Each structure stands twice: as structure tokens, then as C-alpha cells.
There are 2 protein chains.
Amino acid sequence: MARIRLQDVAERAGVSIKTVSNVVNGKGTITPATRERVQQALADLQYRPNVAARHLRRGASGMIAVALPELTQPYFAEVASELVRAAKARHLTVLLAQTDGLAESERAISDGLDMPLMDGLVMSPLALTAEDLRHRLDSTPIVLLGEHVGIDSPFPHVAIDNRRAARTATAHLAQIGRRRIAAIGAKRTDGPNATPAETAELRLDGYRAGLADAGLPWRDELVAAVADFHRADGASAMHRLLDLAEPPDAVFCFNDLLALGALRALRDRGLTAPDDVAVIGIDDIEEGRFSTPSLSTVAPDKRAIAETAIDLLMSLRGTAEPSPVHAVAGHRLVARESTTGPGGPP
Amino acid sequence: MARIRLQDVAERAGVSIKTVSNVVNGKGTITPATRERVQQALADLQYRPNVAARHLRRGASGMIAVALPELTQPYFAEVASELVRAAKARHLTVLLAQTDGLAESERAISDGLDMPLMDGLVMSPLALTAEDLRHRLDSTPIVLLGEHVGIDSPFPHVAIDNRRAARTATAHLAQIGRRRIAAIGAKRTDGPNATPAETAELRLDGYRAGLADAGLPWRDELVAAVADFHRADGASAMHRLLDLAEPPDAVFCFNDLLALGALRALRDRGLTAPDDVAVIGIDDIEEGRFSTPSLSTVAPDKRAIAETAIDLLMSLRGTAEPSPVHAVAGHRLVARESTTGPGGPP
């Protein structure tokens, strides 16, 4: 079928080409009756705007891509929502891609093969290395999120201070008087999963520092490794810790989903948090504000992460050699029932 | 800056244009050393594949768009993940857009203005009407999800039998012996929110039928309206029901997030589910499998919804006049602790 031209639509509707163009592009003032007539003609002829050609002409699409590992991880869904909001405030539309943390998906996207006509890309890679990204087959501006490609990044990147966040969480458990503080989230494998090994290492490092701050000894048996950062991994790790001859009296989980799984495991044993075991996570996902007990956590400033990422992306427009800026977003302790009980902070 | 051509890259790398093309398109057999040299030249020259031109030539991009109201609603995140999976099995890449249920966003996407080069669109509209969609400025194949544009739809659409699902949930509460069964989720407004008024109406209708099945009277005071289908709405509605002179002994919430908020409100009053009030939702989001108590629910077959939507979309390729197929995906009752207690079904 030959491509329908604006002229064909104009003839059918009995209006000028200019009027059709105004309707299609949402410009000018058009009476409802005329608009209706043009829309009918567009529909009758199945006119499809030649968006690709238009964008090639303009050079900017007003669209950016965001590539995240897993949208069913509430943390990523919440960051995605903040990115959509931050982009919208700058008149940009976001299209999201889920990579499942797979190298082939990450490469396809960072090479632009799956992303035509995008003005930029915000990506949280899990598989690709700094070296992979240095050789990407695409010059679309890119900003990275998270720790997997960290200070080695050839591109700007945004993260929180994970070591400090973990130290804060551990210090909170010591401050409420706990002495056998376990950690759930050391990485068992480097396979595809929703949190990179680098994040787990930094958080383990912060846990170690938090124990030292409180004069508590490191105990290997209190560090539980997991394959993924999902609820089920947290539940099974908690069960293993409860099977110890001397179980922990507190547990720092490397994200909120692990912590929510740990709470579930306590319930399955007839135990409660914080009376038997105090529990804290990281992420401040909405679920933890409504869980029973509500979940103490360290809250990354997700809005700042999103705003900074979009601002950095925009600053790259027309830049040949991006400077590898390393932006650090803030975080804060949020103490809830799972560490302080239903009565609030002691 | 003039566009970099494959020839420029070939000259710099000292290889043939064919070799550069093979590297860029991931074809042929190339030694690691040659590949490295070509990649370096591509990077040095900031070569960007002319994807738009390539797609215009091919006529199909292998990409489909999925437009959903809110990705922070776990139900939509889980459906999105199933759509990504179903599309991938058919060698299609999914790009997701969040509409926030706003007419302007839905229109921009259904008109294709924000979606260049897409082979198709799967959309869950909340604001646009069947009439709006009939006049969209785009002939990209489209498949609709949910009830907002239902049997009036000019396009194929996929949904569950909401009335029946709600009747099943209500029947379950009657079957475990409850007599004052409340409903949370009647719609207070038609403003933008994550579940259309149509869904709420069908579920209210099913609740009414379920009460009648059990020989229980309809009581206005036991029907709680909400503005949105979020956790906070469920919590405040539950508080209102508990303030009644005669509070309910069970509550059917029109989605799982409302039910999780209701569980939180019970805990805030020192009450428990199911002992004081049995609670059931709809959606079967993962969160409800790990909550305390775990949440009884009616589970829509999300995988079938996704598979059917993608199959319908593919069947529309090259079809001028889509037949308005109305596909119904299955659902099943999942009884957990919030209705049957920690001991399992009675």
C-alpha cells in the first residue's frame, strides 16, 4: 500500500494541507467540527504519521530510554517512576526496557540496536563491564545507575554511598542493644540477578565497619549468602540463621525484599520482630511501610537519584567526550516497628 | 558533524566495509583481534548505526510498546514482566510507557506520536474512551487490556471475568462462616487512578451476587469507597469500617494492595486476620505470599493475559480491519492465612 500523504487527507476532508498538519501536530487553533472532519479522514485513510522521518529531520526525539534489570523489584519500579516524573518535568518521554540483568539484553540496548531515535539512555547494568561499555557501538548519551560499573565507568554515574548506608543500618541494630547481629545478602553467585555483586560487597563492607564501631566481633556463621535479592531468598536465609545453635538477635538485610522474606520466616517459626529478632533492610519500598511489623530501613533518596541522572543526561547533549562524573545521592535511617516495636523508638 | 559512514570506520580499522558491517550487525565470523580493531575505530569515530533508516527500509522493527498506568502497582509490574517474557519468546523487544492514567499521555501513545517505529501497542487505558480510540491518528496494531474500554472496544481486548472473580472471593468468605462481609473498593471518583471505575463496578456487582448466593443481606454501611486502589486507601477504609457500631467480620478488597492496607489497619487496632476480620483481595501479587498473615486472593492468570495479548497483536499484522475479539483469561481462588488462619484451610 502506498504511503498516505497529508495531501490525500486534506482532499478527503476538504481542508488545506496546513490544517491537516496542524491537527496531526497538535498546533494552531482548529474548530471542533474541522478537527472531527480531519480525524475522520485520517482514520478512513489509515494515515500513519511518518514519525521516523520527522525525527531524523529534527535530530531530537524528546524520548529517552531507561534500562533496568527487573520491574517486579519494587525498588526498580519506584526508581523508574521517579525517572518518568523527572523526565516529564523536562518535557521528555521515557520508554523503559527490562534487561533481566542479561549481557545480551544490556549490550543490545547500550549499542542502540533496540533503541532507535532515543536522545539518551539511563541504564542500571548488571552484566556489562566498563570495558564493554567503552566499546559500545553507539554515541547516544548514557548515564549509569548503581555500583556494578562504578568508579571505572567511562560515563557519568549515580549511586548512593552503599558502604555508609550499611554501616548506618548495622549501627542502628547495635544502638538498640543487639549483640548477635547477622547479615543477609552476601552474594553466592555472580549469575544474573537483580542486584550486582558489587552492591553486596559494599554493603558487607559497611556491615563489617558497623560491627567494629560497636565493638562487636565478626562471626562467619552470622553472614548468610543468597543467590538473588528476592523475598524467597531472605526467607530461606533467615531459616538457616534460626537453625544455628546460637541464633542472631538482629539481622541486617541488604535490601527490603530480603528483609520482608526474613519477617515471613520469623512468623513461620512463631517468632516476632523485634522481640526475638530485630530486622532492618535498605530501599524504603512502600511495601515496608505497610508490612506487619512495619519495616525499618535505610532510605536512598530515589527522587535525587532520578533528578541527577536526567540532569546529567541532558548535560551530555552535543558533548563528544563525556566527563565521568560520579554523583552520590543521599540516604537516611527510617526506624519502624521491626526494630523499635509497635511503641515507636525507645 | 557529518554522519560517520561504515567506509570511514573501515579505513580507520584497515578492514573491508563488509567486515565492519558484520561487526555492527553481529553477523559472520570475526577474529577477536579484528573485532577489537573495528570496535576501537567505531568508538574513536563515534559511529552511530542509522537504525531509523534501517527500520524504515525493513518495515518492521521487532519492537512493541506496552502502555500501563502505573509500574509501582505490583499487578501492572507483574503483567509487564509477563508481557516482556511472552514477547521475547516471539523475538520481540518490549518498550514500556507509564501513562499515569492521564488522557494526554494515553492519547500521545495511542496516536503513535511518542512511539515511532513500533510494530504494535498493548495498552491498558483508563482515560480514553472507545470513541477516542476509534479516531486515533495511527494504524499501528493495538490490543487493549482490562475493562475500561470493554465490549465497546473497536480493538481486540483481554480481561478476566471480574464479576465472577469477585463472586468467588465473596463466596469464600461466606463459606468460612462469615456473616458481616464488607467490601473495600467501590469508586469515590472517576479521577485518574490505577484502576478504572469499570473494574470497580464489575467487582461490586460480583460482591452483590456473592452475598445473594449465601443468603446474606446487602448493607450500604459495609461498602467502603476509595479514591485509589493503593495500600493507604485500603488502610483508611478498614479504619472506617472498624469504627462502625457493628464492624464487619470479613472484608473483600477489590485488589491486593487495598487488602494489604486493610491488614495493616487491623494490626494498628491490635486486631488480627482472620480471627477478628478475615481478609481477601484480587491479583495474587508476590507481596501477598510473604505478608503476615499471608493474603488470600483471587489470582488472575497473568501469563495467559500476556500470551493472549501478544498473540492477538501478532495476528493483526497487515490486517486493515481488526475484529474486536474479547478474550477472557482465567482466574482461581488462592486461600491463605488471612482467611483460613496459620493452620491452613479448615
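1. Let's start with A:L133: its relative accessible area is 0%, so this residue counts as buried (buried means under 20% relative accessible area, with a 1.4 Å probe and protein chains only). Keep in mind that this is a predicted model, where local features need pLDDT of at least 70, side-chain atom pairs count only at pLDDT 80 or more, and totals for chains, interfaces and linings use all residues. Residues are numbered from 1 along each chain as its sequence is written, chains are lettered from A and ligands numbered from 1 in the order in which they are written, and side-chain values use heavy atoms, leaving out hydrogens and water.

2. Where does A:L133 lie? Look in helix α7 of chain A, residues 130-134 (helices are DSSP runs of H or I, at least four residues, numbered from the N terminus).

3. Beyond its neighbours within four places in sequence, A:L133 is in contact with A:S110, A:L128, A:I142, A:L144, A:V149 and A:F155 (contact means heavy atoms within 4.5 Å). A:P154 is 21 residues away from A:L133 in sequence, yet their C-alphas are 7.6 Å apart in space.

4. On to the rings. Searching the whole structure turns up six aromatic pairs over all chains (rings of Phe, Tyr and Trp, the last by its six-membered ring, pair if their centres lie within 6.5 Å). One of them joins A:F252 and A:F254, 5.1 Å centre to centre with 45° between the planes, which makes the pair tilted (under 30 degrees is stacked, over 60 edge-to-face, the rest tilted). A:F252 is buried at 0% relative accessibility, and A:F254 is buried with a relative accessible area of 0%.

5. Finally, check A:R208, which lies over the face of A:W218, 4.4 Å from the ring centre (a charge sits over a ring if NZ of Lys or CZ of Arg is within 6 Å of the ring centre and within 35 degrees of the ring normal). In chain B, B:R208 lies over the face of B:W218, at 4.4 Å from the ring centre.

Technical notes: Helix = DSSP H or I, 4+ residues; strand = E, 2+ residues; numbered from the N terminus. Buried < 20%, exposed > 50% of the residue type's maximum accessible area, 1.4 Å probe, protein only.
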